[in-house]
Amino acid sequence: MKKLHIKFPGGWLFFCAAVLMMAASCRKAAQPLNENAALNNLAADVQPSLLAVETNPNADAAFEAYNNSFLVTSGSTQYYKEALNVPGKDYFWRQALDIQMVEDVYLRTQSTAHRTLITNLLNTFLQQNQGSGGLYDWNWNDFNDDLQWAGLAFVRGYQITGNTTFLNQAKYAFDRSYDRGWTTELGGGLWWDVNHESKSGLSNNPEMILGCYIYEATNDVTYLNKVIAIYNWVRSTLYNTSTGAVYENIQPNGTVSNSANVYNIGAFVSAANHLHRLTGNSMYYTDAKRSVDYVRNNKTVNGVMTNG
């Protein structure tokens, strides 16, 4: 089914989160390493550090209100419904982003109850979205970015819970979208969907973030090598090295969109942040900063970020 992929009204929030992570990463990588040294030392840094526990009554109240309005619970089956007046589950990629919202909350609270909620949400996601191949089959979903958003929810769930089922599902999401998405046409990159409508930032930037998380969890350099190859393609095809803009997509005929949306830029910044932290290569930091500056200079109105 054809769908509009202006995915979430909080796309600028994803961008802000990417910028905050980049700032933390840059402090950590004050002494840049060459890539080989970074890879040799990474085994000791498989689990990223959690943020310090923060007490924030306003955030707690907002999360409680959201759950009271949208969270459906029946025993250990838990999911967020599509809308106040629509009791069914949220659609695949939105459901994955709902779960990532809870994972963000957990980073602040480190609450046992929130960790249990994450486990239940992920297990319910598997039950509600399985294909004809069984519990772990998402191949029915034709959109590669959908698999990647879900994979991110699962790999982050693995970081929080240690449940290897979640890590294995994250690997499935990366591998499946890569295997059916990456081709040498247009110089590389992943197609947005199985119909090869375009190769987009949406189908490449989240794949890089997911691959970095998986590499951190497994130390399997195959994932890092694929991420670097994807990054090089995005940088040469969709990224403007002069301005920092990240363009929406490239069509099969080679036409590159001139649209540079905040959510695409935010995902690119996050991917560059991960790669800078993993490798110490300053190119990734410079690219990310250029994109942050582009958004600040071109995607704000009176100091407020837009989603254009």
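Helix 8 and helix 10 cross in a left-handed manner, where left-handed means that the near helix is turned anticlockwise from the far one by less than a right angle. The structure is a predicted model, in which local features need pLDDT of at least 70 and side-chain atom pairs count only at pLDDT 80 or more, while totals for chains, interfaces and linings use all residues. Residues are numbered from 1 along each chain as its sequence is written, and side-chain values use heavy atoms, with hydrogens and water left out. Helices (H or I, at least four residues) and strands (E, at least two) are DSSP runs, numbered from the N terminus.

**Helix 8 with helix 10**

- Helix 8 (residues 205–218) packs against helix 10 (residues 262–279) at an angle of about 30°, and their axes are 8 Å apart; axes are lines fitted to C-alpha atoms, for helices over the stretch in contact, with angles from 0 to 180 degrees between N-to-C directions.
- That angle makes helix 8 roughly parallel to helix 10, a label for angles under 35 degrees, whereas those over 145 count as roughly antiparallel, 65 to 115 as roughly perpendicular and the rest as oblique.
- The contact (heavy atoms within 4.5 Å) includes M208, I209 and Y213 of helix 8 and F268, H274 and L278 of helix 10.
- The residues of this contact divide into ten nonpolar, four polar and two charged, where Ala, Val, Leu, Ile, Met, Phe, Trp, Tyr, Cys and Pro count as nonpolar, Asp, Glu, Lys and Arg as charged, and the others, Gly among them, as polar.

**Helix 5 with helix 6**

- The axes of helix 5 (residues 112–129) and helix 6 (residues 144–161) come within 10 Å and cross at roughly 140°, which makes helix 5 oblique to helix 6.
- Among the contacting residues are I118, L122 and F125 of helix 5 and A153, F154 and G157 of helix 6, and the contact comprises eight nonpolar, three polar and one charged residue.
- Q148, which lies in helix 6, counts as buried at 0% relative accessibility (buried is under 20% relative accessible area, exposed over 50%, partly exposed in between, with a 1.4 Å probe and protein chains only).
- Leaving aside residues up to four places away in sequence, Q148 touches S177, L190, L202, S203, N204, P206, E207 and L210.

- Strand 1 (residues 71–74) and strand 2 (residues 77–83) run antiparallel and are joined by four bridges, pairing being assigned if DSSP finds at least two bridges.
- S74 stands opposite T77 in strand 2, and T77 is partly exposed, with a relative accessible area of 35%.
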